[in-house]
Each structure stands twice: as C-alpha cells, then as structure tokens.
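I wanted to see which parts of the chains meet in this complex. My notes go through the contacts pair by pair.

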Amino acid sequence: MTELAFVLAIPLLSALLLALFGHHRGAPEINSAGSLATLVAAAALTVRVIGEGPLVLFDEQFFVDPLNVFLIALTALVGFTTSLFSRPYMRVEHDHGRLSVGRLRLYHSMFQMFMCTMLVALSTNNLGILWVAMEAATLTTVLLVALYRTPASLEAAWKYFILCGVGIAQALFGTILIYFAAERVLGPLGGALLWTHLDVVKGGLEPTVLSLAFVFLFVGYGTKTGLVPLHNWLPDAHAEGPTPVSAVLSGLLLNVALYAIIRCKVLVDGALGTHFAGNLMIAFGLLTVVVPSFYLSRQKDVKRLFGYSSIEHMGLITFAFGMGGPVASFAGLLHMTVHSLTKSAIFFAVGHAAQMAGTQMIDDIKGLLKRSPTIGWGLMLGTLAILGMPPFGVFTSEFMILTTAIKHYPWAAAILLTALGVAFAAMFHKVQGMVFGEPTVRPLAHNPALLPVFVHLGLVLMLGLWIPPYLAEWYRQAAKLIG
Amino acid sequence: MRQLLLIDWVLITALGWLAIGLVGIVLPRNFALISRYLFPLGAALALVLALLALAAIGAAPQVRILPLGLPDLPFHLRLDALSAFFLLLLGATAAGISIYAAGYLRPGEGTAPGLHCLLYHGLLASMAMVMLADDGYAFMVAWETMALCAYFLVASEHRYAEIRRAAYLYLLISHVGAVGILLAFGVMAGSAGDYTFDAMREFSSNGYWPSVAFLLALFGFGTKAGILPLHVWLPEAHPVAPSPVSAMMSGIILKTAIYGMLRVAFDLLHVQLGWWGVLLLVIGLASALFGVIFAAVQTDMKRLLAYSSIENIGLVFVGIGLALVFKSFQLPNLAALALTAALYHCLNHAFFKSLLFLCTGSVLHATGERNLGKLGGLIHHMPWVAWLALIGALASAGLPPLNGFVSEWLLLQGFLFTAGLPHGYLNMLLPTVAGAVALIAALAGFAMVKFFGVVFLGQPREEKLAQAHDAGRLERLGLLWLAAGCVLLGLLPNVVIALLDPVTRQLLGGGLSYTAASHGWWLLAPISEDRASYSPAIFLVSIALFIPLVYWAVRRYYHGRLTRVAAWDCGFPLQTSRMQDTAEGFGQPIRRIFSPFFKRTREHPSPFDTQPRYRSIVEDPLWYWLYLPVARLVEHGTRLIAFLQQGRIAIYLLYSFVTLLTLLVLTRG
Amino acid sequence: MNAMLLNAVPLASQVINLCAAIMLLLGFAMLAQRRVLTLINLFMLQGLVLFTSTLIVALSTHQNHLLWSAALTLLLKVIALPYILHRLIRRLSVKWDIETLLNIPTIMLIGIALVVVAFNVAQPISQLSGTITRATIGIALACVLLAFLMMITRSKAVPQVIAFLAMENGLFFAATSATYGMPMVVELGIALDVMVGMVILGVFFFQIRQQFDSLDIRHMETRREP
Amino acid sequence: MNFYALFAQLLELVVALVLAPILNGWINMCRAWLQNRSAPPLLQTYYTLSKLFHKDVLLAHNASTLFRAAPYIIFSCMALAAAIVPTLSTDLIFAPAADAIALVGLFALARVFIALAGMDVGTSFGSLGSRREMFIGFLAEPALLMVFFTASLISRSTSLSTIVETLAHREFVIYPSLAFAGVAFTMVSLAENARIPIDNPTTHLELTMIHEAMILEYSGRHLALIEWAASLKLFAYSCLGIALFFPFGIPEAADPLSLALAGATLILKLAVGGFVLALIETLSAKMRIFRAPEFLGTAFLLAVLAMLVHLLLETGQ
C-alpha cells in the first residue's frame, strides 16, 4: 500500500518541485534524487509483491501482480539511470546554447511527470485510467520532443501528437466497447472497467464486441508501440528530441504501450477462446520486424537508426506474445527487459557521441574509440548486444523466440532470421564506421556519465549467461498470467 | 567434495584463460607483466590442456551441467573422444602460438596490450567451450563469443579502411553462418524442442529432415571453414590480423568448424546418406583447387597462406566426404581410414599453417612488408625464421618425411578403395578424384616454393631489407615448438593414428589401430603390409645417412676448395635484384593455365607513355557473381520500402485509417 | 437497473436518436466545410447536441453522474474550446479559405461509404445493446471515422485539430449514450487530457507559425526516408 | 628381412649408382648414331663427373647454405629412389619403407629443393628455371600418380614389390589398361627427366632451357652431384617403367644366381629402353613451353583412361 503510494507520489511531487525550481543549478540533482527515491520505493514494492503475492489497492483502482511489478521496477531503474545520464548531457546542451534555463526547467519537471504517468499506467487496475495515463504520457513526451523548438523538432512533435492522439482515440473507443460489453455482465456499479473483475468474468463477455474492441485497442496502443504501419511518428520523435527522452521513449514508453495490449489480449483470449488476438499480433509482429530492418541501411541520422531498431524489437516482442505459451511469453518478457536496458544504454552512448561530433549524422562521427574508449566501447558493445550477439541477454530471448517459432511457425522463423540478418548487416556497418577509424570527434567539456551504460550492459550480459532463479520464477508467473 | 574429473580440469583451464584475460584488462597498460608473464602463463595452460585432452581421448565420455544458461536449459558440457581430440589440437597449437605471441607483442601497436590479452585469451577459452558444449544454447554462445573475440582481434588495426572492411565482412558472414547453425539445431531438436545434444541424438527425424539439418549445418560451419563459395571473408580477414591471431584463425578456428561438422554429421544425426558424402567431396575438391590456384598467384604473403588454408580445409572436407560415402555403404573401417586422414590433416594443418603465419609475423616485424614484390634474400638476415619456415613450407607442400605427406598419403590410400564400392558411378569416378587430389598437392608445392623462394631466397628486392633482424628468443621458442610438431607428426604416424582410433570408433564404430599398430611404431600400414606401407622413419634415417655419407665421400676423395665470385647467369653483365622473378612472374603459368578461374583486370601502357606501367590484378570472380548481386537485391528492397515513408502526415494518417478499416471489416466478416 | 430500462420513456430514445442523426449530419457538414470560423461553430453545435443527448440520457435513466459529465461537456466543448479556438485563429490570423487535399464531392462519397461500413461493423453490437439507444453506437463510430477522414484530408493545422476534437465528441457520444457514461474518474481524466492537449496545441500553433511562418502542415514534410 | 634382402638392397644401390651414368652415355651414343654423328665414348659421363669433381667450386656471393646443401640432398633423394624401385629383386629391406606414392613424394622433394636452389642466387635465369620446373612438375605429378594407381588397382597394392610380384609372377594376364598407362608413363618420364620434347638437356639457349637454367650457378662438385642425381633420376624412371610394364625376370628370391640373372636381364632391358628414348628424342622436336600443358594433360588423360579401362574390363577377372 504505502510503497505504491510512494512510487506514484514521489515522481509527481518531484515534478511539481522541479516545475518551481527546475531552473536552479541543483535541478539535475533533485531529478536524480527523485528518481532514486522512486527506484527505492519500487524495489520495496517488488520485494513486497514477491513476498505476499498480488496486491489490490486504493479501492481496487490500483493493483500489482508479477506481470506489472517487474515492469514497474524496470521503469524506475531506467528512469533513475536516465536521470543520471541527463545531468552531464543537459549541461553540455546548455553550454552549447541549445537549451535555455527555462527549457531545462520544463525538461526536468516533464521528465518526472512522464515517469509518473508511466507508473500510473503500469500499476492501475482501471482500463480507463490506463487510457488517461497513456494520453497524459503522450502529452508530456510531446513537450519533451519539442524541447529544442527547432523546425525539425516541432515537426516531429506535431506528427507525434497527431498520430498518437488519433491512435489513442481509437483505444478509447475500444475501452468503451469493453466497458459496454462488461457492463452487461457486471452492471454499471460492478466496476466494469476494473481489470481484476474483468479477468474473473472474461469467459462470459460478448465475443463479437470484444473482438471489435480488441481491434480498436490494438490499433490504438499499437500506434504507441510503433507497430508497422502505425510507426511513422517513432523515428522522428526519437531523432529530434533530446537523447534522454529518446532513451525513455524506446526503453519505457513502448514497453508500457505493449503492456496495455497484453492486458487486453488476456481478456480477449478469455472471451473468444480462439487465437484471434494472437494471430493479429503475429502478423503485425512479423511486419514490424521485416520493414524496419530494410529501413536501417538508409539511415543517415544515428538516433533515427536506433529508433528503427526499437521498432524492430517491438515487433519481435509482439510476435513472441502473439505466439503465446510459457516459453514464448517468457521470452517476450525477457526481451522487453533486455531491450529497454540495452537500447537506453545505446542512447546514452549515442547522445554523448553526437555531442562529441556536434552532429547526429553518422558519416560525420568517426573514431569514437580513439577519443573516448568508454563511449566507443559502450556504443560498440551495446550495438552488438542489441543485434543479438551472445553472450548478451538479447540473444537469450531471441534464441527462445526463434526456437519456439521454428517449432510452431517455421516459415515465420525463416522470415525473422532473414530480417535479423539484414538488420545486422546494415546496423553494424554503420556503427563500426562510427566507433573505429581515425577520429573526427572532439572530447567533451564535462566528463560523461557512463556508469549507466555499463550498469545496463552488465545486467544484459548477466541475463545472457545466467538468469537469477527468482527472476526466472517471476517471468514464469507473468508468462502464466499472459498465457 | 566430489573429486574433480578431467572435464572439470579442462573447464578450470578455460577459466584460467579467462582469468588471465581479466588480469590483463585490469592492468591494461602494464606491458611488461602482460608480455612477460600472462602470455607465457597462457601457453603453459595450453600445454596443460593438451595433456588433459591426451588423457581424455581414451577415457569414457564425461558430462557436467553448469548452473548457467537458460533456466530450463543450463549449460551442458561433455568431454568425449572427438572433443578431446580437438582440444588436444587446440592446446598443442595454442601453446606454440601463445609463447610466440609473448615475444611478438609490441607496445603501441593496434589495441592496448591489456585488451589484446583479454580478447586473445577470451578467444582461447571460447574455443575450448565450443569443443565442450553439449547443448544448442551453450554451443551458440561459445561459438558467437569466439567469432566476436576474433572479430575484435582482426580489427585491432582499425584505422585502415581495408582492415575495417575485412573485419566487418568476417563478422557478418560468420553471423549469417551462425544463423544457419541455429536453424540446423532447430531442425534436429524437431518437435521435441529439446536442445540438448543428447535429445538430438535420441530424436530420429525422418524423411528429408536429416538432409535439411545437414545442409543447414554445412552452410553454417562452411562459412566458418571458408569453403567455396562461402570463403570470401577468409583471404580478407586472415591476412590483416596480427600474425599470432592469423595463426590462431587459420590453425584452430577453422578446425572448430570441422569439429562442428563432424559433430553434426556423425554424432547428432542418426543417419548418414551417401549423397552428403559426394556433396562434401565435390565442395571440398572445388575449395581445395580454388584455394591452391589462388594461393599460387597471390602477391601478398599472408594472403597466399590464407588461400592455402582454404585448400587444406578443402582436403579435409574431401576426407570427411569420403568417410561419409564409406559409412553410407556400411564400410566402417574404410570410413575410419578416410576420417583418420581428415583428422590427421586437421592436426597437421594446425601445426604447419600456424608455423608459417608466425614466420610471416616475424618477417613483418623485421621488414614491415607483406608484399612479396618487396621481399627476398631474408635467409641471410633471419636464418632461424627462414629454416623453420622451410620446414613449414615443405610440410605444407605435402612432402615426405614431414607431416603433410602422411595425411595426403592416407587420403590417397582411402581413394584406392573407392573402386570397390558397390555403386555404378562412384566406383568409376571416385578413383579419378585421387588424380585431382594429386594435382592439388603438386600445386601446393608450387605455391610453397613461390612463398619460400620469393620471401627468403634470392637477392633482397629493397635496400631496407638489409636491416632485417632475426626473431627474438620467445618467438624462436614458439616457432621451434610448431616445427618440432611438424616433424614428429610426420615421423610417428602410428602414434597419432592410435590416438585417433577412439575418435573414429566413437563416430564410425571402426578403427585402424589393430592393423596399424601391428607393425610396430616405425611402419605405417593402415590395412596390411603388402597392401600399402610407408615408414617415414626409415625414410628420414636413410636420407639422413646418405647426405653425410656423400658429403664425407666427396670431401674424402676430392678437395673442398671454394671461391666466392659474382653470379654467372649465362654471363649476363649487369644484374639487379629487379631481374629475378617477382611473385606475379612466378604465378604467371598458373594465371595462364587456369585463366577461367580468375577475374583479371589489366592496365596496359600506351606506346607513348613516358613512364610505362603495366598492372595485372587477379580477383575472385565469385564475389562478383554471388555476393554483389545479393547486396544489390537488398539495396533494391530498401529503396522500395523507403518509398512508404514520404514524410506526409496525411499519408501516415491514411495508413492508420486503412489499417483500422481493414481490420474492422476482416473481424466483422 | 433493468427496472430503470423498462420504464424508460420511448420519447427519450427518439430524441436521442434524433441527436444522433444531427451528430452525423454535423459530421458531414464539418467534412464539407471550407471556412475555419464556420467549422468552429459547427464544432460548437456538435458539442451542444452532445450535451443535450447526455442530459436526456441522464434524466431518463436517473444516472446523476451523467449530469456531471453533461455539465462538463457544456463547459468544455460548447464554451471553453470554441472560445479558445476563436481567439487562436484571430491571434494567428489564419487565412480563411482552406484547400483540402481531395475535392469535396469525393470526400463526401468516401464519407458515405464510411457510414455504411460503420453501421455494418456496429450492427452486432447494437443488436445486443440493452440500452434505450440501439443505433447510437454505430453513429458514434461513423462520427469518429468521419472525423478521421477529415483529419486526413485537411492540409492546415487548425482544421486538423478541430477534426481531432470532433473525433473526441464522437467518442463521448458513444460513451454517454451507448453505455450511460464511463465511471466519473475516467471522464474527468479524459476531459482533463483534452483540455491540456488543447492548451499545448495552442502553444504549438504559435511555435509552428513562428518557425514555418504558416500553419500549412505541408511544410512539415522534411523528416522523410527517400 | 634376411641377409639376402639386405645384400640385394645394397647391390641394387651400387648397381644404380654405377649404371646410371653409363645409361646416360649409352643414350647419348645412340642419339649420335641416329643423327650420324661420331658418338662420344660410353663412359663419357664419368669423365665429365670426375672433371667436375676436381674443379674448384665458384660460388655466387649471396648463395646461402641451402644452395650448398641442395646437391647433397637431391643426390641422396635420387639414390634412395633408385634403391626403392625393385630392379634385381622384390625382396628388399627398403620395400616396406616407401610405396609408389611415397616414391612420387620423394621425387617431388628433390624437385622442390632443386627449384629452391635455382631461386637462391637470385638471378633472372635461375628463378625462370625454377618456375618452369615446378610448372612441369605439378602437371606431371598427377599423371604419374594415376599411372601408379592403375597398377595398384590391378595388384590391389601400392607397394612396388607387391605390384611387381603380381605382374611378374601371378598367372599371365593381358592388361589393356597397362598399355595406356605405359604411354602415359613414357610421356611423363620424358617431361620429368628434362628430355625432348619438353626440355633439351644439351642446350643453354635462354628461352628454352628449364633444368639447365636452375643449375646454371652450380659448378665443381656441386654440379657433378647434380648431374649424377639427374642420371640417377633417369635410371630410376627407366627401372620403374621396366618394373611396371616389363617386370618379367625380376625374381622374388634374392639368392646370388637369380640376382645375377636379374642383373643381366636388367642391363638388356635398359639398353633397349635407352635406345627407344634416343629414338623418341631424335624423331620429335622440342615444343614451346606452353604446349607442355597439352602434352602432360594428354598424359594425365591417358592415365585416367587406363584406370577406367581397368575398372571396366579387368575388374571382372
């Protein structure tokens, strides 16, 4: 109870605090402190849930079960490391004169606000509140993406706002339909939007309505997940916003959107008893893996490059959950974890790299390794990890996903492997060019915060070689919930 | 605590390598420590590993399960005869290479010494793990880690675009290959979905699935082994790596691919089909011929050796293919003969190719030149390297009484039995293949004479070569170790064959030992003495007797007067070092005879050139026929797909709109 | 609650269906409308209709929290947003005439097709709908889709936003009239989001015009692949 | 292995060392007769050898140790080869030491060393000669091996003694395959021993020479050894030809009587063989170096043909 209260309240309070004092020199410290406190609270919550099992709180509006508690912990962790990273990053941006003090205030308070919405979306039990939180997350991130106020960033933000706004609207319609169907079973006062209640009665829900509802929800939240062909906002938003924002977008927002889809999938599967939702997710998952892998080789902007890679991995996860079953869902959850850890680590490294080069153009970034070995190795290892090279954890999950696919959908496995091969060729070629060679980049004024990078990569490496038993157990339970 | 088995000790050795690497990375700049203590320590561990493997070859298989890996698929390890043999190869070769590397390492070259130490020993450890792995996941992890370490080692001089390109090509192709291997495991695990090798052994898939698995594995391991047409990365990557790494890649990493191939083809798959063997034969012959022809026309000494590696791997594949053919006809002992030849050749190649690569390393350090056109006459300045390289070259040329000859002899003996096969075409065609093998061996002789002669003999083609210095003490030690290996493996074939016997028994259920051993250590007679026999010992002894005898006789009955004069050369008056055959010149007959193999581009001088210039570039046609088209295809695909994203928000909205409507209609209908 | 349903007066449902029809009509009108000012007025009208329908549902089914949401609608959709929009276009002095990406008749035809699709899709739902208002959900869906189409076809930022808000209207209509409204907390949240979004957009318009010195979104096509 | 075997082995070696130069002289004599020249004496080669042995060695400045060691190595290889080939008896102590394949390897070893020696001084002609020698070598080697294979398939063995025993002492069978093999073998041995039409041992014309070009820098005792080795090589090849295609008269036992008989027959056969060689050399003209592949390719084809013929016709028996 209290833990969750803290988890949700701390970001909110620190957002307000930063809205007031965000322009002070100490703002980054407040930011990090707030994130750290959130992390601690989240850890406590996790321990609690491991100990006592699922919790339902605040007259059932909030609940925590194995599925979302690990996402909460992950979100808090990545939020914290990102805040650490953004300290020197934002300083450098400020020194380069790209950000005024006022903007820094906006950035800090919005960052915390964003974390708050994420955590609400993850921990709420009410599909409506989930929707509200997702919309709020969109609004906050729109502000963050447009932070630089350059034409490019405004364009990106605009597209982001319109596309995701429309998408979210569809999701609302889907929610209404679910409510509509549930009300006929639970009655208007029966908490017809509370997932726990729905989960109980899901067998009795009207199949046709739920299938239509799922279509709307899938298109809606799928837009935020970045499923092809709804993904078009994603590369722009990743490329034009400040790098910490790209990191949390890739690392957290996409996960949360996907989490929403999964929650709905559980209900729909219960109601339909068919593999309708699964097939939908498999189809879009495949599409979402294949298309971006072909985009990669054309990219000139490094953050755009990794944006597309995020889309690809979201597709892979969607595919995994679409297949369902203990192994695939396990792999999907694992992939969520390692992807957000790795991708945010990559963005940290990329951010500093871009600052060193003074540009995001891949062709103008060369020889990172010579100037700053840590950044160079961070980027290189991160890329190798995200490309599914053992012994990093991404390979673990991809191994499980692919082997399951070989078993059940051999044709899909072939397609996936081709796409992954193309992605490897394209992406590694570009990154190698940036990391190796004679340097064109200058060293940084402030010494970069690369602790997060290596903490993340260390975790990913560990997950590649050894998944701690309790974590595995946790994944198993979550996978059982998803089915 | 339970007492430690051999497999545990092997594991501990691998961990020891890792520990060495970590110590290196912790003290990255402490050059003295790394070169003087860590690398020799690594060499010592390699020796230990070799001894353990030696003990393990005869022993019963041992298994261990580590608490690592996936929750429901922990790392399974297994130490049986096959893995023991390849571990022996690894240890014995790596010992020489490591001790050499200890002397070879220079401060301020390529990557920081500490990092180099980590990658180098990481590579060793991962290779050991590849040999030990007993489930798909552990194997893939070890396999890709190996590729990764090798990639970083290749790229250690990454300021040159050429090297970056080579390294990229290497990692890309080996990654694609790994995908193939993964699929092969998937097929072998089948519907059971259990990825331990034991399960795969049990799982008897039927119909065309075994063939699918075999072909996938062939593709996967072929990329690493560098067989045609998957070889293009090899002549790029092997030469540009630091020489000890080149030696490791050619000497050992290629063998891991052979190991995988054997593991899949003979151990994991429950049937062996004849046409697999024929396929391997064809591919092997093609690779061998292609490799040796290209080796003969190279102008870069390390590229030459790299192509020669392709040739040798091709020969190994020929042996494996032959074994498969015999196995498919239920002739275990003949299969054992062929497989023995293949494994023997693996061992030999590991020794002489590492030796040669290390020699080029010393030459590189002494002269800074890889281009054959700028070397020559080094035997005067670096006698040690030269004479040891001569041993390597002779062995690589497959000449008695050195080791290269023994394996080729066994291979040819194997071919002599193909006439007895109960199959209409094979018994006609396969014996003639022996002719091709002989041609390949002879061409290898050509290439090796070119290599040794141009680098070490003749007059120096550049002034700076006069300052060339011989290899240091540790480097000499490493070279000596490998050269001794070449000689001993050539002299004691029966010992080696007795060593190989458990492997062939494990894989084929047949062996040579009972006949081979029956004639004593000095006489090799795999089938029977009057069938075929070869005794390198007598061979060497008699030559070694003759030479001093003749020398003594000449000196005894005649005088030994000798005066140094200028070279005669048909009395041709003014001679410069440029008048000797260059590498191109030496390769000219090959270029002429095998012209269809090459893609040649020439630059002719016009009659009016003030400084006429002639160039002839020989390239690999496969690159243009196979790889560029694929690249273009992908490029085209990207162009098509990129068209989807025009930047217009209206279009994007339309996408969502259409998606929504389609889904609605589909769901409704 | 069935009791409630039974004594629900048919008149109310007739009125609600009338509102639904008007909603649809307004949707088409907005789709066809070229002048921004008129567009805003139409939007306001739609809000008004929404308000009335919500009010009627509230009264006829005695669900008090629907009164709140009716009030909210009045406040937000009929007063606040139109006012803000008016001020915006005056401050931004948007050109009155707006050219669409397709010519109007074609759009109308597509719109009709959409309505057919919407009804077809909504048919099973409205069949098992126990509420007094069967067809409304189909119409709500039609409104949403029409607004969607409008967003696609408009090339200026302001109309696009108005279309976006119209879509919100459709959703509200579905929520209130088809399912007697969502729980209060949700509706508050939604309203809040719409409000905040509007404010953010208001800020954006100035930024955009300052950067591109126009609100034509066709200037914002630089981030592209080829 | 009994005393006779050892004795026969030693005897064979001595005979080879003695007869090889004489065979050379005999061929030159026949050539001279066939070309209506006044023939040199039969022992001319001996005179040349001893003259060379007595001369000083003139060594080029940058000749390395390898250059000086090569003659001894080559000579020993050839001597060993001559000792391996069964001429007087099949019961030899060296017999198990090396079979046909090993013999090919032995020739290759000698070839590689002489080629290296040719490159060592670093003159234009030396390297040219080495290049051509290796080039001829890699064409000739497979053909030679195929010839051996045919014989081995017939006798189910690659050990020369067994081959000879099979061919000479089993029931008499006509092997058509051996006819093809014989032609192939003749062509190969012409190429390998630097005879016309591939090479001309008597010329020093820069553009055509192969063998001579390599040993251009040798003089004195080194040259003598090389020449002697060359004649040994020729002798070994002739004996091989005899052993494979006219093995009749090579005894299995090694008692003095049969050895003497064998020696007589051997000399007879060699005389005929030498005359035939001279005849071939007189009748044919030297061909351009790049016609050599065709020549040896034909030899290879014939050898393969021989093997196929054996597999088609003779496996039934």
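Predicted model: local features only at pLDDT ≥ 70, side-chain atom pairs only at ≥ 80, totals over all residues.

Entry 1

Entry 2. I looked up the contact between chains C and A. I found 38 residues of chain C in contact with 36 residues of chain A. I then asked which helices of chain C each supply at least two residues to the side that touches chain A. They are α5 (104-127), α6 (136-153), α7 (157-179) and α8 (184-212). I recorded α8(C) as the one that gives the most, with 13 residues. I sorted this side of chain C by class and got 26 nonpolar, eight polar and four charged residues.

Entry 3. I turned to chains D and B. Here 71 residues come from chain D and 68 residues from chain B. The most comes from α5(D), which gives 17 residues. By class, I have 44 nonpolar, 18 polar and nine charged residues on this side of chain D.

Entry 4. Which strand of chain B pairs with β1(D), and in what sense? I found strand β3 (residues 562-565) of chain B, paired in the parallel sense over four bridges. Within this pairing I looked up Leu59(D) of β1(D), and Arg564(B) stands opposite.

Key. Residues numbered from 1 in each chain as written. Chains lettered and ligands numbered in written order. Contact = placed C-beta atoms within 7 Å. Nonpolar A, V, L, I, M, F, W, Y, C, P; charged D, E, K, R; others polar. Pairing = 2+ DSSP bridges.
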